[in-house]
Amino acid sequence: MKIVVVGGTGLIGSKLVAKLEEHGHQAVAAAPSTGVNTLTGEGLAEVMAGTQVVVDVSNSPSFEPTAVMEFFETSTRNLLAAETAAGVGHHVALSVVGTERLPENGYFRAKIAQERLIEKSSIPFSLVHATQFFEFVRQIADEATDGDKVRVAPVLFQPMAGDEVAQAVGRVAVGSPVNGRAEIAGPEQFRMDEFFRGVLAEWGDPREVVTDPHARYFGSELDERTLVPGDGATLGRIRYRDWPGRTAQANHGR
């Protein structure tokens with residue numbers, strides 16, 4: 001199949017393109033650097049010619065609420081219009097577990113808007129909701145940092161490896177449209193504060209992890225199960241302690 005991967009040069013997109021090509025598909029990385037701009041529409045008609053599946057793993061360059069809403073609404077409308085014109089048979093979008101539980105958060109509100117546009121279109125679709133990636137663990141810790149303290153809520157946390165995100169999205173892309181949502185997550189659940197306490201100790205990071213029920217996650221307070229999937233999620237196999245990128249992540253701040 002010809003599969004266009006929007007955001008195909010990014011973390012998940014580049015892994016997905018490689019995995020699809022390994023399985024004999026024609027995977028095309030669509031990004032501004034490859035001449036495809038979903039915000040302006042540049043290159044969309046050309047890249048869609050002969051395409052069976054479009055997978056959108058793109059992300060907004062800005063997380064400012066107005067900018068992120070503009071990005072997801074405009075790019076999704078442009079994509080869906082180009083796909084309709086080209087007769088694309090399956091639209092796959094990567095989203096985040098818990099999106100619908102954080103509507104007050106500007107980023108998640110924009111992802112909800114993106115999903116609604118996809119659901120209302122005439123194109124068969126699949127929405128893949130993933131938990132947080134191992135690759136972003138340090139970024140999550142840095143975002144939660146207040147001086148020499150890292151404030152983390154005692155809620156459930158079930159991160160997964162980016163390789164397994166790409167693998168799961170690839171399986172959905174080459175399968176029949178779900179016309180709904182599929183959840184994917186890592187193999188282990190942690191209490192988020194305990195996870196980060198252990199990880200920072202392993203990094204030799206002097207910051208103190210403080211358990212704070214009101215700690216904000218990228219601006220939002222969390223409930224016990226905000227970030228973890230429901231029953232029936234597809235679970236990865238790679239545990240954080242076995243993840244090959246763990247050593248580089250530990251050395252990153254040194």
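Modeller: A charge sits over a ring if NZ of Lys or CZ of Arg is within 6 Å of the ring centre and within 35 degrees of the ring normal. Here Arg138 lies over the face of Trp203, 3.9 Å from the ring centre. This is a predicted model, in which local features need pLDDT of at least 70, side-chain atom pairs count only at pLDDT 80 or more, and totals for chains, interfaces and linings use all residues. Residues are numbered from 1 along each chain as its sequence is written, and side-chain values use heavy atoms, leaving out hydrogens and water.

Colleague: How many aromatic pairs does the whole structure hold?

Modeller: Rings of Phe, Tyr and Trp (its six-membered ring) pair if their centres lie within 6.5 Å; planes under 30 degrees apart count as stacked, over 60 as edge-to-face and the rest as tilted. The search finds 14 aromatic pairs. In one of them, the centres of Phe63 and Tyr107 are 4.8 Å apart with planes at 45°, so the pair is tilted. These two residues are 44 residues apart and link distant parts of the chain.

Colleague: Is Tyr107 buried or exposed?

Modeller: Buried means under 20% relative accessible area, exposed over 50%, partly exposed in between (1.4 Å probe, protein chains only). Tyr107 counts as buried at 14%, whereas Phe63, at 44%, is partly exposed.

Colleague: Which residues form one aromatic cluster?

Modeller: Phe134, Phe157, Phe190, Phe195, Phe196, Tyr240 and Trp243 do.

Technical notes: Helix = DSSP H or I, 4+ residues; strand = E, 2+ residues; numbered from the N terminus.
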